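Please read this briefing alongside the sequence and the 3D view.

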Amino acid sequence: MIAGADLAIEVTQLHKRYGEVEAVTGVDLSVASGEVVAFLGPNGAGKTTTVEILEGLRTRTSGDVRVLGVDPAAATAAWKERIGVVLQGARHEGDFTAAEIVTMWSAYYRSPRPVAEVLELVGLGDAAGTRTRRLSGGQQQRLAVALALVGDPELVFLDEPTTGFDPAARREAWETIGGLRSLGVTVMLTTHYMDEADHLADRIVVISRGQIVADGTAAELARHVAMPTRISWDAAQLGHDELPEGLRELLDTGASSGSASPSETSVPVPAGPVIATQDVDGVVRQLLAAADSAGTRLDSLAVRPPTLEDTYLALTGEGSAGADSTGVAP
Ligand code: ATP
């Protein structure tokens, strides 16, 4: 938990019920000023509900919420000016230029940032005169971030900023979001992608079925679920009968070859013998010794550590390996 008064977001025992559906069931969350936090979870986990309660767009069933020291349920116009919201897939398709749209938007604020400065900040300086319908997907996202920043907010909510983007547009969006850090803005980023969360955020908060199941850095989350490393090789180079007894017992039969996650970030598990282990050094030494005794080389040997996606799937109970739900102490 983060101590001290300088908290941008403070949530205690937040609950939200929609009729019979318990969407959020006792969320506790603290975000320090200037922190970039990724809020991650599968479909229906309760991300949008939680974030929209923080933004003052939905009511809560119970719990305490303070955003920039104010209860969003009693938010004033002055409070709203301190917050920027970038909605998922927001597009501007009109005849106005990027600069004109940002200028119009800036009129809503009492002390907006200069338009040229904002466009430069999000990397749209060269596209200031481009009509918005001609902007690429990545540039549209930058424009959405520009609109959120023009009011000079202290806190920005970004909702799935790269969903549907190709890899190049995704990198562009990452650069823009990374730039917010230098402004000292607090960022709460909602995403489905563990690699995005790891790349952009100081901390990753994972929500599953309405509860926080983990809170920490990507490395802390990975350590918490302690996923094994997979070691594989070509059976033609070292067969079952040539393995020492101890390694034969470790051979992962069946389950491992089908366990590659569908994520774009996962490396497929090769067909062939696989050993899943935490003792990488010990297993590799034994395999090389066995290959030596058999008079063969083990050029096919592959060591695949768990991916971020594996960690995420384990944390949310969607992968093959389950995790407990006690969370990770930050
Ligand atoms: P996604 O990644 O799909 O956007 P999410 O993590 O944002 O999902 P929520 O949209 O917060 O999840 O939904 C949490 C649960 O609450 C789901 O079971 C959803 O069906 C339900 N829910 C959300 N909004 C409403 C609503 N207005 N009325 C009834 N049920 C709702």
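Axes are lines fitted to C-alpha atoms, for helices over the stretch in contact, and angles run from 0 to 180 degrees between N-to-C directions. Helices (H or I, at least four residues) and strands (E, at least two) are DSSP runs, numbered from the N terminus. This is a predicted model, in which local features need pLDDT of at least 70 and side-chain atom pairs count only at pLDDT 80 or more, while totals for chains, interfaces and linings use all residues. Residues are numbered from 1 along each chain as its sequence is written, and side-chain values use heavy atoms, with hydrogens and water left out.

**The helix pair H3 and H5**
- Helix H3 (residues 98-106) and helix H5 (residues 137-149) have axes that come within 9 Å and cross at roughly 25 degrees.
- Because angles under 35 degrees count as roughly parallel, over 145 as roughly antiparallel, 65 to 115 as roughly perpendicular and the rest as oblique, H3 and H5 are roughly parallel to each other.
- In contact terms (heavy atoms within 4.5 Å), Ala98, Ile101, Val102 and Trp105 of H3 meet Leu143, Ala146 and Leu147 of H5.

- Three strands in the order E2-E1-E4 form an open sheet with antiparallel pairing, where two strands pair if DSSP finds at least two bridges between them.
- The edges are strand E2 (21-32) and strand E4 (62-67), each of which pairs on one side only.
- Averaged over this sheet and with direction ignored, neighbouring strands are turned by 15 degrees against each other.
- Strand E1 (residues 7-18) and E2 run antiparallel and are joined by nine bridges, and histidine 15 stands opposite threonine 25 in E2.
- H1 packs on this sheet and touches E1, E2 and E4, with its direction making about 125 degrees with that of E1.
- Helix H1 (residues 47-54) has seven of its eight residues buried, where buried means under 20% relative accessible area, exposed over 50% and partly exposed in between (1.4 Å probe, protein chains only).
- After H1 comes glycine 56, whose phi is positive, near 80 degrees.

- Strand E10 (residues 229-232) pairs with E12 in the antiparallel sense over three bridges, and isoleucine 231 stands opposite valine 303 in E12.
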